[in-house]
Amino acid sequence: MPAPTLQNAIDEAGSAIRLLWKPGAPAWAGPRVTPEFAGWAAEQDAWRSAVALSDLSFHMSDLFISGPDATRLLSDVTANNYESFAIGQAKQIVPVTASGELVSDGILLRTGEDSYVLTGGPAAGNWVMFHGETGGYDVTLENDPDMSRREGEEPRLFRFQIQGPAALDVVARAFGGPLPETKFFHSTEVELDGRRVRALRHGMAGQAGYEFIGDAADHDAVRDALLAAGEGDGIQHVGALAYSTNPVESGWVASPQPAIYTDPALAAYRAWLPKFSFEGMRPIHGSFYSDDIADYYVSPWELGYGRSVSFNHDFIGRDALQAAKESAPRTKVTLELDASPQEGDGFFNDRGIHRIEVDGRLVGLTQHTATIAPLGRTLALSLADRAFAEPGTRVEVVWGEHPGHGTAPDADLGFARIGATVQPSPYDEYARTAYRRD
């Protein structure tokens with residue numbers, strides 16, 4: 001019997017939204033990494049006041065792409081510029097469907113003339129892998145899934161992120177001196193106690209730092225060396241709880257809904273994806289409900305990915321994406337909530353899609369809401385209609401869990417209404433104005 005596919009699962013459920021609607025689904029929590037080391041609040045503070053070490057080794061998938069057609073494949077299926085892509089450079093890739101809506105994103109690192117590693121959630125890698133396998137390309141594709149989708153075997157690579165005001169001092173101490181001058185999202189190969197490590201100039205939430213990548217066999221040794229080098233600077237090992245809130249301040253929507261469920265032309269793709277893939281299991285929930293899953297799709301323009309888009313080549317969705325450049329109805333904002341959706345001052349993290357309203361009119365949707373302890377605030381990274389995106393605009397967030405199919409989308413379910421003030425995204429000023437200049 002052939003393995004069940006995503007299309008099988010959709011057909012059995014009756015629709016894609018009925019398959020994926022999961023009221024009250026818990027927020028994502030990365031595999032393997034301890035939830036807290038010093039406490040989630042202290043760890044949130046570390047990347048803004050001192051230095052933080054985050055272990056990214058276990059929650060992301062890697063797709064290794066190599067061969068004579070590697071660049072042609074990537075150019076055909078993503079909107080990025082491959083004419084100016086140096087070996088050792090990384091880019092946030094933007095794959096879109098024929099209608100110009102986002103499949104997902106990921107970080108693509110060029111490791112050689114004909115070799116790349118695509119890292120992130122599974123959706124972008126699945127898109128590239130499908131087209132690589134079915135499109136007649138001369139490529140080799142090796143998929144290394146995250147730890148939640150594998151049994152026993154360790155990942156191929158480790159990844160550690162060092163960030164915060166003291167990050168560069170800690171890095172210099174660990175490596176016996178400053179690393180070679182490296183531009184943002186470029187990398188250089190270095191050694192740490194005889195172990196080869198790739199240092200990618202990168203950070204999150206507006207803080208300077210590096211992402212160190214190497215052979216998984218060296219995971220513990222490199223981690224321990226970095227922690228030892230940071231002892232005098234108050235380094236904090238970041239647990240899964242604090243790490244999972246980081247995107248809210250940095251303005252990155254970590255898990256947009258892949259726009260792959262409705263286009264008849266993607267039937268073969270849905271028949272290629274397994275039933276128990278990310279695309280078949282990613283839960284949708286919140287106060288916003290629609291029977292049409294396309295209402296959850298997003299455009300790269302809405303997410304601020306325009307800097308990564310290039311129309312100097314043909315690619316899937318090129319014409320639709322270009323046509324939508326000036327007409328994307330929403331833009332990314334941060335909401336400062338007047339109150340947390342929960343009682344007390346404890347950890348709060350929610351990726352529900354909640355309604356944003358003004359005078360009862362829908363004007364946007366939350367994407368990720370979290371308490372940021374050092375700020376004493378709960379923030380919601382959101383998409384808002386452009387007419388309501390000006391900083392200082394007052395809105396209401398409708399907070400609750402719609403039961404789904406069978407209840408009217410606009411039914412009055414007595415949900416709480418939380419006042420909120422629109423602010424820019426990224427919320428962090430340095431991340432918003434100067435981060436990528438480093």
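**Reading the model**

Guide: Pro426 sits in the loop between β18 (416–423) and α13 (429–433). Helices (H or I, at least four residues) and strands (E, at least two) are DSSP runs, numbered from the N terminus. Residues are numbered from 1 along each chain as its sequence is written, and side-chain values use heavy atoms, without hydrogens and water. The model is predicted: local features need pLDDT of at least 70 and side-chain atom pairs count only at pLDDT 80 or more, while totals for chains, interfaces and linings use all residues.

Visitor: Is the peptide bond from Ser425 to Pro426 cis or trans?

Guide: The bond from Ser425 to Pro426 is cis, and its omega is near 0°.

Visitor: Which way does phi go at Phe185, positive or negative?

Guide: Phe185 has a positive phi of about 60°, although Phe185 is not a glycine. Phe185 belongs to the loop between α6 and β8. Asp193 is another residue other than glycine with a positive phi, near 50°, and Asp193 is found in the loop between β8 and β9 (195–201).

Visitor: How many residues does the largest nonpolar core have?

Guide: A nonpolar core is a set of buried Ala, Val, Leu, Ile, Met, Phe, Trp, Tyr and Cys residues joined through side-chain atoms within 4.5 Å. The largest core here has 42 residues, and Ile65, Leu108, Ile260, Tyr261, Ile293 and Tyr296 have the most contacts inside it. The elements giving two or more residues to this core are α1 (6–13), α2 (16–20), β2 (61–66), α4 (70–77), β5 (115–120) and α5 (122–134). The most comes from α5, with five residues. Apart from this core lies another, of 23 residues, including Val171, Leu179, Val197 and Ala225.

Visitor: What is in contact with Tyr296?

Guide: Neighbours within four places in sequence aside, Tyr296 is in contact with Ile17, Trp21, Gln257, Ile284, Phe288, Tyr289, Ser290 and Ile353.

Visitor: At what angle do the axes of α4 and α5 cross?

Guide: Axes are lines fitted to C-alpha atoms, for helices over the stretch in contact, and angles run from 0 to 180 degrees between N-to-C directions. The axes of α4 and α5 cross at roughly 120° and come within 10 Å. Angles under 35 degrees count as roughly parallel, over 145 as roughly antiparallel, 65 to 115 as roughly perpendicular and the rest as oblique. Therefore α4 and α5 are oblique to each other. In this contact, α4 supplies Leu73, Leu74 and Val77, and α5 supplies Trp127, Val128, His131 and Gly132.

Visitor: Is His131 buried or exposed?

Guide: His131, in helix α5, has 15% relative accessibility and so counts as buried. Not counting residues up to four places away in sequence, His131 touches Leu73, Val77, Tyr137 and Ile316.

Visitor: Which residues of helix α6 are buried?

Guide: In α6 (residues 167–175), the buried residues are Ala167, Val170, Val171, Ala172, Ala174 and Phe175. Their cover includes β7 (157–163), β8 (187–192), β10 (209–215) and α7 (219–229).

Visitor: How do α6 and α7 pack?

Guide: The axes of α6 and α7 are 8 Å apart, at an angle of about 120°, which means that α6 is oblique to α7. Val170, Arg173, Ala174 and Phe175 of α6 make the contact with Ala225, Leu226 and Ala229 of α7.

Methods. Buried < 20%, exposed > 50% of the residue type's maximum accessible area, 1.4 Å probe, protein only. Contact = heavy atoms within 4.5 Å.
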